[in-house]
Number of protein chains: 2
Amino acid sequence: MGLREVKRERTRRLIADKAFELFNDNGFGRTTVEQIAAAAEVGPSTLYRYFPTKETLVLEFVEDCLVDAVTWLREQPELELPAGLQAVIERVLEQLESNPDRVRAVFDLASQTASVSAHLNELIWRFRTDLADELVLRLPANNRAEFTAALAAGIAMNIIETVVRVWVEAPDTTDARSLARQAMTLLHTGGIPLPAVSDNSRYDY
Amino acid sequence: MGLREVKRERTRRLIADKAFELFNDNGFGRTTVEQIAAAAEVGPSTLYRYFPTKETLVLEFVEDCLVDAVTWLREQPELELPAGLQAVIERVLEQLESNPDRVRAVFDLASQTASVSAHLNELIWRFRTDLADELVLRLPANNRAEFTAALAAGIAMNIIETVVRVWVEAPDTTDARSLARQAMTLLHTGGIPLPAVSDNSRYDY
DNA sequence: CAGTCATATGGTAGTCACTGCCAGAATCTA
DNA sequence: TAGATTCTGGCAGTGACTACCATATGACTG
C-alpha cells in the first residue's frame, strides 16, 4: 500500500473524527463544514472530496457495518436463505456492538436532526434493497421470488433496526444478538399478531 | 369556513400542483423554489410558510394517506390487533390507489433524487413509529409489548412499501390490496423463509 | 537522481435552499 | 367603519454544495 493511500485513509479518519466531536459538542445544526474542515486542518473542498454531504460524516460507521455484511453474504453464495439471513443479522449486530458509543451517538443525532434521520433511513433502505437482490438469487426462480425476497429483506432489516434501537439505549446491560434471537423466535412462533387472510384472489402478478 | 381558510387551501393546492408539474417536466434538481413560487404567483416566503422544505412538496399526498390511516386507527380503539393491522394496510393502499399517477410520480422522483428518497423513507419511518405507538395499546401490557409492537408495525409497513413498489410499476394491471393479501398469506403460511432460532438466552430486557 | 505524470489539495466564485425580519395588504370582528 | 389579527412579499443573510483552476505532492521511468 503506497504512501498515498495511507495518507488518504488518515485524513479521512481525521475528518470524520473531528466532525463527530464537533457534532457531539455543539450539535449537528450548529456545526458548519468550515469548522470541521478547519478542525481537521484541511480545506472545505478537500472535505467534500471525501464526504459528499455533511450527513455522511455522521453515518459512515453504520454504513460500513451494513455494507460489510452484505458484501460478506455476497461471497457466501452457497449459504441457504434462512441461515444466510440469520448470519447477516448477526454480522451486522456484531459489528455495531464493536462500537456502542458511536452507534448511540448516531441515533442520538438522528433523533435530534431530521436530515440525519432521513439519511439514516435512506441508508437502511439501500441496504434492504441490496440484501433483497442477494436473497433473490437463493430462492427458486418463480414469479414471486422478487416479492418474497423483498419481504424477507424487509423483515430482516426490521429486526435489526428494532433491536438496535432498544439495545442502543442500554448497551451495557443488553446484548443485541440475543435480542435479535428473541425477535426471530417471536416471529417464528406466531408471537407477533399478524392478520391471517384467505387469499381468494387469483391474480398472479 | 371563512374566506381565509378557503384561500389558504386554494393556494396550498396551487403551489403543490405547480411544483409537481415543474418537477415532472424539468426534474426535481433542475427546478428552483423561486420558479415554483413564480409559477404559483406567490412570493418564495409564502411558499415556505406552507411547505417547510422542497421535498415536502413532493411527498404531501403520500403523507396525507399515511396520516389519515393512522388517525383512523386511533379512532377505532376497540379493533383488535391483527384485524386493525390489516385494516390499516388496506386503508393506506386504498387511498394510494385513488391517485396512481401521483404515487408513481412520487416514487419516480424518489428513485432519481436521493434527497427525495431520504425524505420518503423518513416519512415511512415516522408512520411506522406512530403505528407502533398505536399498536402497543392493543397488546397485553408486558415487558415485550413495545418490542412486539415495533416489529409488527415494521412488518405492516414493509408489506405496504413492497406492495406499492410492485403495484406502482403497473397500476392498471395489478391491484395493490390483493397483492397485500398475497403478502400476508405468504407470511402466515411460512412462505417466506425466515431463520428459526432456539432461543436459549435467558435475558429479559 | 532528474523528469514527468497522475493525483491530491486549497482557494475562489457562484448557486440555491432556507431563515428572520418588517412593512403593508387582506380578512375578520365589533 | 375602526381596530385587531393574520397573510403576504421583499430584503438581507447564512451555509451547504458545485465547478473550476493553479499549485503541490507522492509515484513512476530513464
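# Exercises on helix packing and symmetry

A:Arg12, A:Ile15, A:Ala16, A:Ala19, A:Phe20 and A:Phe23 of H1(A) are in contact with A:Lys54, A:Leu57, A:Val58 and A:Glu60 of H4(A). The model is a predicted one, and the exercises below walk you through it.

## Exercise 1: H1(A) and H4(A)

Work out how helix H1 and helix H4 of chain A are oriented to each other, and sort the residues of their contact by class.

Solution.
- Step 1. Locate the helices: H1 covers residues 3–26 of chain A and H4 covers residues 54–74 of chain A.
- Step 2. Take the geometry: their axes come within 10 Å and cross at roughly 100 degrees.
- Step 3. Angles of 65 to 115 degrees count as roughly perpendicular, so H1(A) and H4(A) are roughly perpendicular to each other.
- Step 4. Sort the contact of H1(A) with H4(A): it has 7 nonpolar residues, 3 charged residues and no polar ones.

## Exercise 2: H7(A) and H8(A)

Describe the packing of helix H7 against helix H8 in chain A.

Solution.
- Step 1. Two packed helices are described by the angle between their axes and the distance between the axes.
- Step 2. For H7 (residues 114–136) and H8 (residues 145–167) of chain A, the angle is about 135 degrees and the axes are 8 Å apart.
- Step 3. H7(A) and H8(A) are therefore oblique to each other.
- Step 4. The crossing of H7(A) past H8(A) is right-handed.
- Step 5. Look at who takes part: H7(A) contributes residues including A:Ile124, A:Phe127 and A:Leu131, while A:Ala149, A:Ala153, A:Met157 and A:Ile160 are among those from H8(A).
- Step 6. By class, this contact of H7(A) with H8(A) has 14 nonpolar, 2 polar and 4 charged residues.

## Exercise 3: H4(B) and H7(B)

Now turn to chain B and decide how H4(B) and H7(B) are oriented to each other.

Solution.
- Step 1. The axes of H4 (residues 54–74) and H7 (residues 114–136) of chain B come within 10 Å, crossing at roughly 10 degrees.
- Step 2. Angles under 35 degrees count as roughly parallel, so that is the description for H4(B) and H7(B).
- Step 3. The contact includes B:Val58, B:Val62, B:Leu66 and B:Leu73 from H4(B), and B:Leu120, B:Leu123, B:Phe127 and B:Leu131 from H7(B).
- Step 4. The contact of H4(B) with H7(B) divides into 12 nonpolar, 2 polar and 6 charged residues.

## Exercise 4: Chain A and its annotations

Find the make-up of chain A and of the spans that UniProt annotates in it.

Solution.
- Step 1. Count the elements: chain A has 9 helices and 0 strands.
- Step 2. Note the extent of its C-alpha trace, about 65 × 40 × 30 Å along the principal axes.
- Step 3. In an unreviewed entry, UniProt gives "domain: HTH tetR-type" for residues 9–69 of chain A. That span is 79% helix and 0% strand, with its end C-alpha atoms 21 Å apart.
- Step 4. UniProt also lists "DNA-binding region" (unreviewed entry) for residues 32–51 of chain A. Here the chain is 70% helix and 0% strand, and the end C-alpha atoms are 14 Å apart.

## Exercise 5: Two chains

Find how chain B is related to chain A.

Solution.
- Step 1. Chain B superposes on chain A by a rotation of 180 degrees with 0.0 Å of shift along the axis, at an RMSD of 0.1 Å.
- Step 2. The two copies are thus related as by a two-fold rotation axis.
- Step 3. Find the residue of chain B closest to that axis: B:Ala118, whose C-alpha is at 2.4 Å.
- Step 4. Compare the interfaces: 100% of the interface residues of chain B are also interface residues in chain A, so the copies meet through the same surface.

Methods:
Residues numbered from 1 in each chain as written. Chains lettered and ligands numbered in written order. Predicted model: local features only at pLDDT ≥ 70, side-chain atom pairs only at ≥ 80, totals over all residues. Heavy atoms only, no water. Least-squares fit on C-alpha atoms with pLDDT ≥ 70 in both. Contact = heavy atoms within 4.5 Å. UniProt positions renumbered as here; feature names shortened; annotations may be inferred. Helix = DSSP H or I, 4+ residues; strand = E, 2+ residues; numbered from the N terminus. Axes fitted to C-alpha atoms, helices over the stretch in contact; angles between N-to-C directions. Parallel < 35°, antiparallel > 145°, perpendicular 65-115°, else oblique. Left-handed = near helix turned anticlockwise from the far one by under 90°. Nonpolar A, V, L, I, M, F, W, Y, C, P; charged D, E, K, R; others polar.
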